[in-house]
Amino acid sequence: MVIDHQVALSDEIVAARQRAHLTQEELAARTGLSVRSIRNLESARVLRPRPATVRLIRDALGLPGPSSPLPRPMQLPLDVPGFTGRVAQLAQLDRLLDDSLRATSTVVVALVGRNGIGKTALALHWAHRIAARFADGVLHVDLGGNRAQRSPASPAEALGCLIEALAVPAGGIPRGLDARVGLYRSLLAGRRMLIVLDDARDADQIRPLLPGTAGCTVLVTSRTRLIGLVAGEVARPVVLDRLAPEEAYELLCARLGAHRLAAEPEAVRGIVAHCRGVPRALAMVAACAAVQPRVSLTELARRLR
């Protein structure tokens, strides 16, 4: 529990400082920190103190390290097995990540494209690939911007999920949107995290979920172009289009095996042409072929026609 943990830490530091007969000014001189930092930590005003700050104070007072560190969140759903293609987009995302290391504010990447084009698959694959570069973990929330059966998640609902993932219990999450935004940004200050916001409806749904300081990278997927987010928050757009024929073939090969495709090359060409480079369509055809191994690819191609 973040709040109780911070209060306990503050009490521990105050008691240790007093036992050492040190003033806050003297402790600040020993650690090289400002007196204000000492006061904020002792009064539990900072929900997420920098680990380096806590370590300096513990070392100066001879306190042991924390006995039960908070778990590092890793909320990503399963990576797509046998992911293929999207070499250019993966390289573009890697360059944007390198840029984020030098950025002075939160870096926002907008992965946009039509329905079924593979935005979520690419986002999850890339996020799994680079997750280790985010020392404080990875958060993920499905915003449901295009759900047919339910309304999209409101910013307040999404913030509740994100704050709870940062080890704040439900009872410690404020009700109002502004209060949730403030707490969320306070929790992320000084941390390096990847935040994946999947299936966003529009820029207004995303803005309250953006951290307020540098250190985090936000990856958003959306069917809309999010022009407002690109204009206002300088989000970096990565546009997904149809797979090239060779990439479509690689997808089918990963799902069905090269031997089965080599046995019916004409049928494979027909399937690739009919699916028009849309990953979801190719995946559905591959699934039908996988669960019906006795049905030829030629027959499946005929059914598609």
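Analyst: Happy to! A salt bridge here is a side-chain nitrogen of Lys or Arg within 4 Å of a carboxyl oxygen of Asp or Glu. Please keep in mind that this is a predicted model. By that rule, the count comes to 11 salt bridges.

Let's start with Arg-129 and Asp-94, whose closest N and O atoms are 2.4 Å apart. Arg-129 sits in helix H6 (residues 119-130) and Asp-94 in helix H5 (residues 87-100), so this pair ties together parts that are 35 residues apart in sequence. Arg-129 is partly exposed at 42% relative accessibility, and Asp-94 is partly exposed at 24%.

Helix H5 also holds Asp-98, which is linked to Arg-133 in the loop between H6 and E2, 35 residues apart. The side chains of Arg-133 and Asp-98 meet in a salt bridge at 3.2 Å, N to O. Arg-133 has a relative accessibility of 38% and counts as partly exposed; Asp-98, with 33%, is partly exposed too.

Elsewhere, Glu-12 pairs with Arg-58, with the closest N and O atoms 3.3 Å apart. Because Glu-12 lies in helix H1 (residues 2-19) and Arg-58 in helix H4 (residues 51-61), the bridge ties together parts 46 residues apart in sequence. Glu-12 is partly exposed at 29% relative accessibility, whereas Arg-58 is buried, with a relative accessible area of 9%; the cut-off for buried is under 20%.

Key: Residues are numbered from 1 along each chain as its sequence is written. This is a predicted model: local features need pLDDT of at least 70, side-chain atom pairs count only at pLDDT 80 or more; totals for chains, interfaces and linings use all residues. Side-chain values use heavy atoms; hydrogens and water are left out. Helices (H or I, at least four residues) and strands (E, at least two) are DSSP runs, numbered from the N terminus. Buried means under 20% relative accessible area, exposed over 50%, partly exposed in between (1.4 Å probe, protein chains only).
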